[in-house]
Amino acid sequence: MERLSTITRDTKETQISVNIDIDGEGRADIDTGIGFFDHMLKSFTKHGLFNLVCKVNGDLEVDGHHTVEDTGIVLGNAIKQALGDKQGIKRFGSFLLPMDDALVLCSLDLGGRPYFNFDFKFPTERVGDMDTQLFREFFQAVANGAGMNLHFMILSGENSHHIAEAMYKAFAKALDEATTIDPRIEGVQSTKGML
Ligand SMILES: [Mn+2]
């Protein structure tokens with residue numbers, strides 16, 4: 001069964017279209033208007049082996065906040081929709097990812113209850129054309145949009161580019177694991193019988 005979805009969302013602040021295939025090959029077609037954010041979403045797509053089309057027209061004349069947060073909401077919604085009733089998926093995923101000085105742990109549960117845990121202050125205010133405060137906004141929005149419990153621990157790191165990129169890669173690998181179908185699982189992986 002194909003696991004893909006397309007979601008569009010239009011507000012006065014942002015116009016967003018996202019198409020995700022959970023069982024992809026890492027192909028990305030991304031344009032958010034923020035170069036560093038595009039770099040992060042391409043990295044997420046490549047390392048999670050998803051296919052992702054993400055087109056965003058946001059009010060960047062204000063700042064990047066609406067663009068990044070709303071993209072997170074829509075990506076979260078798209079992940080949730082693509083997974084449908086979550087039959088057979090492993091549900092949990094964790095990954096510890098090194099990138100030069102950065103070491104980032106991401107652990108997540110697709111159980112349906114949104115939660116976000118991230119307590120870290122980036123060493124710089126900006127990386128490229130992106131405000132580092134927006135990484136929190138993005139992942140919080142993804143967790144809410146997908147109904148995902150999402151934890152990040154930054155175990156080490158000095159370079160904001162490396163830390164951010166390690167977060168997106170760790171998230172990709174953890175999500176790839178959690179969405180993997182295990183043939184031993186009958187129905188959904190919950191004693192309640194639903195996720
Ligand atoms: Mn990079």
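The legends below describe close-up views of a predicted model.

Because the model is predicted, local features are given where pLDDT is at least 70 and side-chain atom pairs count only at pLDDT 80 or more, while totals for chains, interfaces and linings use all residues. Residues are numbered from 1 along each chain as its sequence is written, and side-chain values use heavy atoms, with hydrogens and water left out.

View 1. Distant parts of the chain are linked here, with His39 in helix H1 (residues 35-48) and Glu165 in helix H4 (residues 160-179), 126 residues apart; helices (H or I, at least four residues) and strands (E, at least two) are DSSP runs, numbered from the N terminus. His39 counts as partly exposed at 33% relative accessibility, whereas Glu165 is buried with a relative accessible area of 7%; in these legends buried means under 20% relative accessible area, exposed over 50%, and partly exposed in between (1.4 Å probe, protein chains only).

View 2. Because Glu165 and Lys169 are four residues apart in helix H4, about one helical turn separates them, and both Glu165 and Lys169 are buried.

**View 3. Two further salt bridges.** Side chains of opposite charge can pair when their charged atoms come close. The structure holds seven salt bridges, among them the one between Asp23 and Arg3, whose closest N and O atoms are 2.8 Å apart. This pair links distant parts of the chain, since Asp23 is in the loop between E2 and E3 and Arg3 is in the segment before E1, 20 residues apart. Asp23 is partly exposed at 40% relative accessibility, while Arg3 is buried with a relative accessible area of 7%. Arg184 and Asp182 also meet through their side chains in a salt bridge (2.7 Å, N to O); Arg184 is exposed, with a relative accessible area of 70%, and Asp182 counts as buried at 12% relative accessibility.

View 4. Four strands form an open sheet of mixed pairing in the order E1-E2-E4-E3, two strands being taken as paired if DSSP finds at least two bridges between them. Strand E1 (4-10) and strand E3 (28-31) stand at the edges, each with a single partner strand, so one side of each is left without a neighbour in the sheet. From one strand to the next the twist averages 5°. E3 runs parallel to strand E4 (residues 51-58) and is joined to E4 by four bridges, with Ala28 having Leu52 in E4 as its bridge partner. H1 lies across E3 and E4, running at about 160° to E3. Helix H2 (residues 65-83) packs on the sheet, touching E1, strand E2 (14-21) and E4, and its direction makes about 35° with that of E2. Contact means heavy atoms within 4.5 Å, whereas axes are lines fitted to C-alpha atoms, for helices over the stretch in contact, and angles run from 0 to 180 degrees between N-to-C directions.

**View 5. Strand E6 and its antiparallel partners.** Strand E5 (residues 92-99) and strand E6 (residues 102-109) pair in the antiparallel sense over eight bridges, and Phe95 has Cys106 in E6 as its bridge partner. The hairpin of E5 and E6 has two residues between the strands, and in this hairpin Asp100 takes a positive phi near 50°. E6 is also joined by seven bridges to strand E10 (residues 149-156), the two running antiparallel, and Leu103 stands opposite Ser156 in E10.

**View 6. Cys54 and Cys106, cysteines without a disulfide.** With a disulfide taken as a pair of cysteine sulfur atoms within 2.5 Å, the count comes to zero disulfides. Cys54 is in no disulfide, and the nearest cysteine sulfur, that of Cys106, is 19 Å away, which is too far for a bond. Cys54 is buried with a relative accessible area of 2%, and Cys106 is buried with a relative accessible area of 0%.

Notes: Salt bridge = Lys/Arg side-chain N within 4 Å of Asp/Glu carboxyl O.
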